[in-house]
2 protein chains.
Amino acid sequence: MIISIVGLGLIGGSMAIDLKRRGFADRVIGVENDPVGAAAALKIGLADELTSLEDAVDRGDIIVLAVPVDTATRMLSQVLDRISGDKIVIDTCSTKGAIVRAVKYHPKRRHYVATHPMAGTEYSGPWAAEPNLFAGRACIFANVEESDPKALATIEHMYDVLNMRPIYMDADSHDVHVAYVSHISHVTSFALALTVLDKERDEKHIFDLASGGFSSTVRLAKSNADMWVPILTQNRDNVLRVIDTYLEKMTAFRKAIDDFDADKVRELIGEANRIKKILR
Amino acid sequence: MIISIVGLGLIGGSMAIDLKRRGFADRVIGVENDPVGAAAALKIGLADELTSLEDAVDRGDIIVLAVPVDTATRMLSQVLDRISGDKIVIDTCSTKGAIVRAVKYHPKRRHYVATHPMAGTEYSGPWAAEPNLFAGRACIFANVEESDPKALATIEHMYDVLNMRPIYMDADSHDVHVAYVSHISHVTSFALALTVLDKERDEKHIFDLASGGFSSTVRLAKSNADMWVPILTQNRDNVLRVIDTYLEKMTAFRKAIDDFDADKVRELIGEANRIKKILR
């Protein structure tokens, strides 16, 4: 099978590595618009060759759109327009509502499978790609009833080769859930980095004193703007609702500390500790 | 040398392991008030024996107070009252202002060295103790001019055995810095856990969908209330100032998303990305 991957960054590049290595892909064709990224992807060996989007669509059996969600949403209709036979198109984006709506009435909609492999690191670009990135993680399949069952089965098999756990939900539920378990984490990390960088003028002190705890909570603040601006604006309504709840919780914490109310601080920490039962 | 460790939790227990293993301690005497913790500490082998606080003070060459900061602040005067000869007392607490002020005029103040080994995990108790916990991390020494130089040198050597990097500062500066690089991270994690637990009623979904990013930002929300209530209330003024800056940054983020202002979101993420230059 020939896999065409549009965007050889963290996600596309990591897919390329494992799909080739595990024999699912006989050939990986890459499309990478950034010239530095393209040169690096070839040098690292993520793809067998790089080509234009059109050529990759014409030659690939599966076309993977692993680009920021605004680009993918724009690109998907064009790619569906161009395909023939039983080619399959998938995206790997972190929001699903807008992209699924954009092609709802496209005549070749059933060739498209909407997926979100929930794996990643705070790094981006072909140099961030790594083997086994997806192992054990969840892959969400959205609105599967709109896809051709044979196309869906092929993509389920592909993610199984990547050792992902499939989860099925409608695109709108997906966008609500990821606002809670992914998008808000990025917003809180960005805000934390901004806070510390604003006040702790002496960068040496940040470096010297940063404990493991700070490093892990601020880690996501290294995340790439090209990826995250479209996610946060596309999932605006859900993200705003989560931020509002978050601001309420933070304000309750602030008030308890301000009031020297040790019992209330203890109660809030005790409630937060319930996360231990869910995530070990 | 006999080391008496009061509190065989994550910090005290981890110190016990490495100080014994590396030959700095000939014998480790432990004090642990929690009966389950005490039984576990003995079974795990963190201390050679457990005894009362008084006996541990009378027999130890170095007495380490590795208990929550309110307990340590209360205990320190009593322990200094009781010691004789050239015994040394240290604490390992995450706030330094209040404890240093509490014994400023104690006649045996010079036997006390105020330290904060900046290492840890989100776990607590003797079962959380691990070898090498401190390696490569910073250890803050506060108000060293108030300690006897010989006592200080002994404690510097002890932390060197733990492979920690010494950093010297006054207690009040310490409390400002740790509010930024440690305490706020815990508050943001607690608030994040509360947000997700409040809205995401279906715990299975949290577990299934939690990506590495969410797990790392929410990790500190597992932290122990007995340790963190005293820290946040003792360091109240600094913590409140940091929370206020944090709320400002979060509100700016919220407004940019609300306004569909992609340029502003991009600018904020770009600023936050500067943390990459400091923490790789």
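Glu54(B) is located in helix 3 (residues 53-59) of chain B; helices (H or I, at least four residues) and strands (E, at least two) are DSSP runs numbered from the N terminus. The structure is a predicted model, in which local features need pLDDT of at least 70 and side-chain atom pairs count only at pLDDT 80 or more, whereas totals for chains, interfaces and linings use all residues. Residues are numbered from 1 along each chain as its sequence is written, and chains are lettered from A and ligands numbered from 1 in the order in which they are written.

Glu54(B) has 12 other C-beta atoms within 10 Å and is therefore exposed. In this classification a residue is buried if 20 or more other C-beta atoms lie within 10 Å of its own, exposed if 12 or fewer, and partly exposed in between, with C-beta atoms placed from the backbone. Between Glu54(B) and Arg82(B) the separation is 28 residues in sequence and 8.1 Å in space, C-alpha to C-alpha.

Chain A has a mean pLDDT of 94, and 98% of its residues reach 70 or more. The model has an ipTM of 0.90 and a pTM of 0.90. Where pLDDT is low, the predicted coordinates should not be read in detail.

In chain B, eight strands form an open sheet of mixed pairing, in the order 3-2-1-4-5-6-7-8. Two strands are taken to pair if DSSP finds at least two bridges between them. Strand 3 (49-50) and strand 8 (165-169) of chain B are the edge strands, each pairing on one side only. Within chain B, strand 5 (residues 88-91) and strand 6 (residues 112-117) are joined by three bridges in the parallel sense, and Asp91(B) stands opposite Ala114(B) in strand 6. In chain A, strand 1 (residues 2-6) pairs with strand 2 in the parallel sense over five bridges. Opposite Ile2(A) stands Arg27(A) in strand 2 of chain A. Strand 2 (residues 27-31) of chain A is mostly covered, with four of its five residues buried.

Two asparagines of chain B have positive phi values. Asn132(B) has a phi near 65°, a positive value in a residue other than glycine, and lies in the loop between strand 6 and strand 7 (138-142) of chain B. With 13 other C-beta atoms within 10 Å, Asn132(B) is partly exposed. Asn143(B), also not a glycine, has a positive phi of about 50°. This residue is placed in the loop between strand 7 and helix 6 (149-161) of chain B. Asn143(B) is buried, because 21 other C-beta atoms lie within 10 Å. Most residues other than glycine have a negative phi.

Chain A comprises domain 1 (2-169) and domain 2 (174-278), the bounds coming from an automatic or database domain assignment. The C-alpha centres of the two domains of chain A are 30 Å apart. Contact between them involves 14 residues of domain 1 and 15 residues of domain 2 of chain A, two residues being in contact if their C-beta atoms, placed from the backbone, lie within 7 Å. On the side of domain 1 of chain A that touches domain 2 of chain A, at least two residues each are supplied by helix 4 (69-82), helix 5 (97-102) and strand 7 (138-142) of chain A. That side of domain 1 consists of six nonpolar, five polar and three charged residues. Here Ala, Val, Leu, Ile, Met, Phe, Trp, Tyr, Cys and Pro count as nonpolar, Asp, Glu, Lys and Arg as charged, and the others, Gly among them, as polar.

Chain A is superposed on chain B by a rotation of 180° with 0.0 Å of shift along its axis (RMSD 0.0 Å), the relation of a two-fold axis. The superposition is by least squares on the C-alpha atoms of residues with pLDDT of at least 70 in both copies. Thr217(A) has the C-alpha nearest the axis in chain A, 2.1 Å from it. The same surface serves both copies, as 100% of the contact residues of chain A recur in chain B.

The contact between the chains takes 80 residues from chain A and 80 residues from chain B. Helix 7 of chain A provides the largest share of the side of chain A that touches chain B, 21 residues. The residues on that side of chain A are 46 nonpolar, 18 polar and 16 charged. Leu197(B) is situated in helix 7 (residues 171-199) of chain B and is buried, with 22 C-beta neighbours inside 10 Å. Not counting residues up to four places away in sequence, Leu197(B) touches Glu271(A), Arg274(A) and Ile275(A).

Terms used: pLDDT = per-residue confidence, 0-100.
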